[in-house]
Structure formats: C-alpha cells, structure tokens
Amino acid sequence: MKYRYSLLSFLIAFILQTTVMNHFSIFQMSPNLILCLVVVYSFLYQGYHGIINGILFGLIVDVCFAEVIGIAALSNFIVSLICIELKRYLNKDSLISVVIASSVGTMAYSLLYWSIYKMLGNDYDLMYVMGKEAVLLIYHILVIAIIYQIISHSIIKHHGDRYMYRGSLQEARSLDRK
Amino acid sequence: MNWLREHKILTAIVSVLLVLTMIIAFSNSQIGNSTYLGRTIAKAMTFVQEPVSNAGSGVKSGIGGILQFRSILKENERLKEQVSDLNREIIKMRLTEAELEELRSLSDILGYEDISLRYSYATANVIAMDGSNWFNLFTINAGTDDGIYKDAVVLNGDGLIGRVLEAGPDWSKVISVIDESNSVSFIVFRDMQLLGILSGDGKGSLEGYMIDPDAAIIEGDLLITSGIGLYPEGIPIGKVTGVEWNNDTLLKTVTIEPSAYFKNLKKVTVLIKK
C-alpha cells in the first residue's frame, strides 16, 4: 500500500463524514469513518498508514470543528497503537478478529476522547457517551467488515490454501530471521 | 543518545505523545483563536465540503422523495388546506395593520428599541457537521465578509442554536447551546418575571435553575432568552420537561428540551449587531 493511496482514502472519508454521513444517520448516529480507517490500516496493513493519517486527519477534524485542537489526533494515535499491538495476538485473516479490533478501537477512542475532555474541565456524562456507543459499535463493525470484505483479496494472497503462510513478504522474512 | 537510538520506536511514540499533549494544552488556552495554518486548513476544507454537502443533501431529498411518495402526496393536500387557512389569516392581519401602526408610533414615543433595529442578520447554509455524534459543532458558509464575528448569535426558525466560535472570511465555526460551557440567562414566556440560568447538561440537552427558588415554573413552559449577557431577548430556547427541588443547592432546577433540533440543521440565521 502506497502512502498516497491511504492519504486519499482518508481524505475521502473525512469529506464524506463531515458532509454526507450526517444526512444518512441512523438513530442520530453516523459512523466515524476516519476511526474506521485508522483501525483498518493499523490492524490489517504493514507500515504506519493508520498512525500518520490518523494524526493528520485527527488534527484536521479538530481544526475544522472542535473547540480544542489535538484531542481527536491523540485518540486516533493511541487507537492505532492499540490496533498494531492487537495484531500480535489476533489472526488478521479472520473476520472475527477484525470485529474484535473494531470494537476495541471504537471503545478505546470514545473513552480516550471523553477522558481528555474531562481532564480539560468539560462535564460530559460518561453514561450518555457509553449509551451512544452501542449503536456506534454496530455501525463501525458493519463499516469495517464491509471494508475488510473489499480489501481482503489484496491482503490475503491465497484464499483457498489453508497451509499457505498468509502474511506479507516482510513478515515472512522477519520470522525467518528469528 | 545511544539509548534513544536503540529504542527508536519508543522514542518516536513518546515524542508524538508529548507534541500532541502540548498542542492540546496550547489550544485549550486559546479556544476560538486558530493559527494562520488552522484558518487556511479550515478555508480549504470549506471549499471542498460545500459542493459535496449540497450534493449529499440533494441525493437525500431525491431518495426521500421517491421512498415517501405517498406521504408527500398526503402532505401536499394538508399543505394546500394550510395555505387556504393562512390566506384567511392574512386578510384578518390586514385588518389589524392600522392597529399595528398605532402601536409602533406609541413605542416610538415611549422610546422602546426594537430588536430588529439593533440587529441585522445573515442567513447561511450548514455545510459540514463535526460527525462526532456527541457534539453539535458545525461550519456555515458565511463569515467575516458577511459581517459575522466571534460570539455572534446563531438561530433558526425553531429557536436558539448557539454562537459563532470562530469566523473566517467565508466560513464560520458554530458551537451549539447544548455544548456550550457558558451559561445562558432565560425568562419564562408565560410570566416574564421568572428569571433563570441554563447551560448544557452534558447529555445532549439543557438544564438550569431558577434565580428565585419560589418561582412558579411548570412543565411545558416555554423559555426565551432574557437579554442579559450575550444573547438578545426573546429568542425561544426550549420547553421545560421537568422541575425539581434540589436539597443540596436549595435551588429549583429545570430540565429543558431545546426548541431546535441540532442533528439535521440546514439553514441558520446569524444576528449581527448594527
């Protein structure tokens, strides 16, 4: 994956999230497409696409909409680190792993965002935030599962082969060295 | 230095964390005052977001129109009836026009200053919303070129929306009254002697308290701005949904349902002081 492609996908996600998705919200909720891409790029791809673009677009979202700049960027950064760490314990070829990663990512993002806001003196109710999480979680799992189905062919090289190593060439080489 | 070289990833993570924390701390002390870079990014994004938002709105209304064809036909019939009712109302109004002129001349004599004389207004389209699901911050396609300034009051046909957090040449960032940490002073429309203070409740709605603990406020009362502070008087805020006596603070607290629906805003009006 080249960085210019991931940058373009984040840009499209940002524009859709802030303009079109509000018109198609369900239960007054619309998915955070940037967070979905942070999870997807951090969990499924090699490199630092999720971290770099997550910070960059987190800052852009904050500049355009938030009172305080940097909260979304920091939250995206930490979610990206968590997803990269999850790769060690979960098999990324499985859809269940992707569901787990997206759930952990969504919950972590909301808790981080709420915690930072709380530290800055804003009194947003945790139960209100968590109440919204249930719908958002389902929404994000669906979005990430759809993205996974679309891109899985480029990530998993040999779908039918149960014994073939399914990681990237870089990963295989690093395992070989060990 | 050797330790840093050996632990490159850890060093990078800690550095990024530190930089972002510093950005948050700096930004928190300068709320509503973006840097030149921030303003440029916001302007560029507004340029892209406006046509996409218009297209999205068009697609939504198009799809909605197809899916809700029957209900639209019924609505059309209902609206036709309403039009004929309103026409009758207009005829009645014309009859009271002379009465209104008399009242206007009386208000001039008494020195009453009408809000419309103190404020002009700019209408704007909402071109982007924050998409965070918690907050209701949004961008509108009007800015300092249209006379909009920081803290200008924003409203729509339903009532009070909020205030301008930051304004660029052709865009403005608006914070809604439910996300507002600043308090808003209100009076009860039924009895304008009843004064209170409200703010966002942190749950996507509003809560407040009455200045006079014995104030006879009841459920269903309409609250309007009092004119004390930032917001001019007479703008509908919302309806009282609950009244409670708080034993800890010894105040009568009220929960309020805002008049405006913040999740689906399309057009807003910004009041500009003359």
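Reader: How do you know which residue and which chain a name refers to, and which parts of the model count?
Author: Residues are numbered from 1 along each chain as its sequence is written, and chains are lettered from A and ligands numbered from 1 in the order in which they are written. This is a predicted model, in which local features need pLDDT of at least 70 and side-chain atom pairs count only at pLDDT 80 or more, while totals for chains, interfaces and linings use all residues.

Reader: What makes the pattern of chain A α-α-α-α-α-α-α?
Author: Helices (H or I, at least four residues) and strands (E, at least two) are DSSP runs, numbered from the N terminus. Chain A has seven helices and zero strands, and its pattern along the sequence is therefore α-α-α-α-α-α-α. Chain B, by contrast, has five helices and 12 strands.

Reader: Why is H2(A) called mostly covered?
Author: A residue is buried if 20 or more other C-beta atoms, placed from the backbone, lie within 10 Å of its own, exposed if 12 or fewer, and partly exposed in between. In H2(A), 12 of its 12 residues are buried, among them Leu33(A), Cys36(A), Tyr41(A) and Leu44(A). Over the 178 residues of chain A, buried residues make up 43%; over the 274 residues of chain B, they make up 30%.

Reader: What makes Ala216(B) partly exposed?
Author: Ala216(B) has 14 other C-beta atoms within 10 Å, so the class in between applies to it. Ala216(B) is found in the loop between E8 and strand E9 (222-225) of chain B. Its C-alpha atom is separated by 7.8 Å from that of Leu194(B), 22 residues apart along the chain.

Reader: How do you know that strands E7 and E8 of chain B pair?
Author: Two strands pair if DSSP finds at least two bridges between them. Five bridges join E7 (residues 195-200) to E8 (residues 206-210), which run antiparallel, so the two strands pair. Ile197(B) stands opposite Tyr209(B) in E8(B). Both strands belong to a closed barrel of six strands, E6-E7-E8-E11-E10-E9, with antiparallel pairing.

Reader: What makes a residue of chain A part of the contact with chain B?
Author: Two residues are in contact if their C-beta atoms, placed from the backbone, lie within 7 Å. The contact takes 38 residues from chain A and 36 residues from chain B. Helices H1 (3-20), H3 (49-65), H4 (71-89) and H6 (126-155) of chain A each give two or more residues to this side.
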